[in-house]
Amino acid sequence: MINIWEVNETNEMIEKENLDVRTITLGISLLDCIDSDLERLNRKIYEKITSTARDLVTVGRDIENNYCIPIVNKRISVTPIALVGAAACRSPEDFVSIAKTLDEAAKKTGVNFIGGYSALVSKGMTAADENLIRSIPQALAATEFVCSSVNVGSTKTGINMDAVRLMGEIIKETAEATKEKDSLGCAKLVVFCNAPDDNPFMAGAFHGVTEADAVVNVGVSGPGVVKTALEKVRGESFEVLCETIKKTAFKITRVGQLVAKEASAKLGIPFGIIDLSLAPTPAVGDSVADILHEIGVDYAGAPGTTAALALLNDQVKKGGIMASSYVGGLSGAFIPVSEDQGMIDAVRAGALSLEKLEAMTCVCSVGLDMIAVPGSTKASSISGIIADEMAIGMINQKTTAVRLIPVIGKDVGEIVEFGGLLGYAPIMPVNSFDCSRFVDRPGRIPAPVHSFKN
Amino acid sequence: MEPTMDKAIITVVGKDTVGIIARVCTYLADNGVNVLDISQTIVSGFFNMMMIVDMAGAEKSFADISAEMDELGSKIGVSIKCQREEIFEKMHRI
């Protein structure tokens, strides 16, 4: 039988160490909404989302009450809209009307984000893909809850450099279109390599075409819990360190699994996956950088950081995989800058640069995330950064992503405030040497040799 | 067949005063909640109790009982929390 110490341990994790379930994300297929008439398509999309997700928020609250565990976000992901809108949309403006429909559906269901305003163009772009991508700045400026992502490469297909070049421009345009809000639109736009079909985390969530009609995915969290556990093993060997992380990850994941199963049963929608990511928030004590500090580097970015992060990421997976048979999504430690107080401190102290962050993304999910750069950064430089990050994903057969925010009107050292879970960030310098001759080459980078496994 | 159980864990934490257990147990008895196990300690002057209870015989809903216990806690000056057992079971057992 459960004893008092175990009960106290769980409740301390929740009350003092910020243990929560980060998100229940309901994936909804919109393939059966496809229609060549735009108005009809929009109506069908709205009806499908609002009926399927009708109870999502109430069910989330019920589970919170039953277990006294906060479920921070309830969210929806949908089939990439470039596919859903291809038959009806003739222009970027047509796609923007779908973005507005998604926004309305999000408001109606009470979720705080809806993801899937996406295009999958790792090998080539259809006319619809290109129209959707070109509509992103306008779509993100005209909506509140919509998140957008574009997959521009994969290990199997290589990197679509035409899309990479275009995304550099689109990110700049999005920054410009939302400059009144410190270019907030870019915080809701991710560029991916090897994007997973079942990621529950925003801004990159979409409901892949390989998925069922509707599915419940859950993202867990808990950097604070791992950090507190590690405080008790200071100076111990790597074996003890790794064991502690594994055991903690197991416990965190078990809670996620419980919540996922409950949500699935209450909604009558199948359970998909648990995403094992350690997702930080700007709250004090909920930081991945603080774990790295506890492992032994003064600031994230100091020599040893990449090794410490590799170890952390691997142990989190090992513990989590033991706790749930269906692990998916991104599953790893996130290292966003603005959403992690320890990362912000590291940037301010001069310990962490864009280049070191890039190195760190080689060993963890998911990529260059929530990094504010000067608004004057050239589109070609952004494309160059994207290409670098996509190459890391392609060669290492892992998901990588870029979520950069060129803050219009601000420069290195200034602070940008996004609010809420998105946090705030000091603007980081970007290497200013030119790469436009590279980025301007048309076509794609071929798939790497180790992708030929057949 | 044995009747099915509906197990929950009640935790009471706060400054120790006379009659905490009595008042909590009275509430549970009045509402048809059966106590299966109690453990209690005092940690540096703080009262710390855990009860495993069976709510199968309760007439009120889990949410109502949980809210009323929370209210009772504020009257006594302690924090009372009511959680379904599975969260502990899943976290601490393989």
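**View 1. The surroundings of A:V259.** Beyond its neighbours within four places in sequence, A:V259 is in contact with A:V21, A:I24, A:I63, A:I71 and A:V218. Here, contact means that the C-beta atoms of two residues, placed from the backbone, lie within 7 Å. Keep in mind that this is a predicted model: local features need pLDDT of at least 70, side-chain atom pairs count only at pLDDT 80 or more, and totals for chains, interfaces and linings use all residues. Residues are numbered from 1 along each chain as its sequence is written, while chains are lettered from A and ligands numbered from 1 in the order in which they are written.

**View 2. The largest nonpolar core.** This core holds 172 residues, and A:I114, A:V152, A:M167, A:V259 and A:L404 touch the most other members. A nonpolar core is a set of buried Ala, Val, Leu, Ile, Met, Phe, Trp, Tyr and Cys residues joined through C-beta atoms within 7 Å. A residue is buried if 20 or more other C-beta atoms, placed from the backbone, lie within 10 Å of its own. With 11 residues, α9(A) gives the most to this core. Helices (H or I, at least four residues) and strands (E, at least two) are DSSP runs, numbered from the N terminus.

View 3. An automatic or database assignment sets the domain bounds, dividing chain A into domain 1 (25-193) and domain 2 (218-452). Contacts join 42 residues of domain 1 of chain A to 48 residues of domain 2 of chain A. On the domain 1 side, α7(A) gives the largest share, 11 residues.

**View 4. Where chain A touches chain B.** In this view, 18 residues of chain A are in contact with 21 residues of chain B. On the chain A side, the elements giving two or more residues are α1 (4-16), α3 and α9 (238-267) of chain A.

**View 5. Chain B by itself.** Chain B has 3 helices and 4 strands, following the pattern β-α-β-β-α-β-α along the sequence. Its radius of gyration, taken over C-alpha atoms, is 13 Å, close to the 12 Å that the globule rule (2.2 Å times the number of residues to the power 0.38) gives for 94 residues, so chain B is as compact as a globular protein of that length. Buried residues make up 28% of the 94 residues in chain B.

Key
A residue is buried if 20 or more other C-beta atoms lie within 10 Å of its own, exposed if 12 or fewer, and partly exposed in between; C-beta atoms are placed from the backbone.
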